[in-house]
Amino acid sequence: MQISLRDNTLLSFERQVTLPRATCLAREMTDAAMQLLRENYNWQRPLRSIGIRATQLVPACEQVQLSFFDDEEQRLRQEALEFAKDGIHRRFGYHSIGVGLMGLDKQLSALDAKSENTIGPVGYFNGPTSIAS
């Protein structure tokens, strides 16, 4: 997992960590990103942007070494839960299912990270298809 941070003075840096094993669980990825953030940012200045990126991806069909120390049955249940949640999102929309705690903060729960996270300026997506000379 890799995070990139930029503060309000536009100072930016990146940090990364290799997870102990390949994962498709959002919880494991966000936990690793949050740990990187806590360990590497001192909160003296407000953050302007945070980027989170997964690196060294492997195909989902690749064999994974099981661990004697982890609860593999719990991991499989968590994977099945996340796949089911993704299927509900695809079929009924992003806000059709979510974390119950998000209902306590209406402003935060109304965010649609997928549609509101744009790379280019708004005019790039909504403007004319050709530029007149």
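This talk goes through the aromatic pairs, the salt bridges, a pocket and a surface patch of one predicted model.

I'll start with the aromatic rings. A pair of rings is described by the distance of the centres and the angle of the planes. There are two aromatic pairs in this structure. One of them is formed by phenylalanine 13 and tyrosine 41, and this pair is stacked, with 6.5 Å centre to centre and 20° between the planes. Phenylalanine 13 sits in strand β2, residues 12-16, while tyrosine 41 sits in the loop between α1 (26-40) and β3 (47-53), so the pair ties together parts that are 28 residues apart in sequence.

Tyrosine 41 also pairs with tryptophan 43. Their ring centres are 5.1 Å apart and the planes stand at 90°, so this pair is edge-to-face. Taken together, the ring pairs link Phe13, Tyr41 and Trp43 into a cluster.

Phenylalanine 13 has a relative accessible area of 21% and is partly exposed; the cut-off for buried is under 20%. Tryptophan 43 is exposed, at 53% relative accessibility, with the cut-off for exposed being over 50%.

Next, the charged side chains. Side chains of opposite charge can pair when their charged atoms come close. The count for this model comes to seven salt bridges. I'll go through some of them.

Take arginine 21 and glutamate 72. Their side chains meet in a salt bridge, at 2.9 Å from N to O. This pair links distant parts of the chain, with arginine 21 in the loop between β2 and α1 and glutamate 72 in helix α2, 51 residues apart. Arginine 21 is buried, with a relative accessible area of 18%. Glutamate 72 is buried as well, at 16%.

Then there is a salt bridge within a helix. Aspartate 31 pairs with arginine 27, and the closest N and O atoms are 3.8 Å apart; the cut-off is within 4 Å. Both residues are in helix α1, and because they are four residues apart, they are separated by about one helical turn. Aspartate 31 is partly exposed, with a relative accessible area of 40%. Arginine 27 is exposed, at 55% relative accessibility.

Glutamate 28 is partly exposed, with a relative accessible area of 27%, whereas arginine 75 is buried, at 9% relative accessibility. Salt bridges with shared partners join Glu28, Arg75 and Glu79 into one network.

Now to the pocket. Rolling a probe the size of a water molecule over the atoms shows where empty space is left. The second largest pocket holds about 800 Å³ of space. Its lining is made up of 27 residues, and those nearest its centre are Arg21, Ala22, Thr23, Cys24 and Val58. Which element gives the largest share of the lining? That is α2, with five residues.

Leucine 19 is partly exposed, at 23% relative accessibility. The C-alpha atoms of leucine 19 and methionine 1 are separated by 7.1 Å, and the two residues are 18 residues apart along the chain.

Last, the surface. Which residues form a nonpolar patch there? They are Ile88, Phe92 and Ile97, and together they have about 260 Å² of accessible area. Phenylalanine 92 is found in helix α2, which covers residues 72-92. Phenylalanine 92 is exposed, at 55% relative accessibility.

Conventions
Residues are numbered from 1 along each chain as its sequence is written. This is a predicted model: local features need pLDDT of at least 70, side-chain atom pairs count only at pLDDT 80 or more; totals for chains, interfaces and linings use all residues. Side-chain values use heavy atoms; hydrogens and water are left out. Rings of Phe, Tyr and Trp (its six-membered ring) pair if their centres lie within 6.5 Å; planes under 30 degrees apart count as stacked, over 60 as edge-to-face and the rest as tilted. Helices (H or I, at least four residues) and strands (E, at least two) are DSSP runs, numbered from the N terminus. Buried means under 20% relative accessible area, exposed over 50%, partly exposed in between (1.4 Å probe, protein chains only). Patches are made of residues with over 30% relative accessible area and no salt bridge: like charges are joined within 9 Å, nonpolar side chains (Val, Leu, Ile, Met, Phe, Trp, Tyr) within 5 Å. Accessible areas come from the Shrake-Rupley method with a 1.4 Å probe; for residues, only the protein chains shown count as cover. On a 1 Å grid over the protein atoms alone, a cavity is a set of points where a 1.4 Å probe fits but cannot get out, and a pocket is an open set with protein on both sides within 12 Å along at least five of seven lines; lining residues have an atom within 4 Å of a point. Grid points are joined across faces, edges and corners, and a volume is the space filled by probe spheres set on the points.
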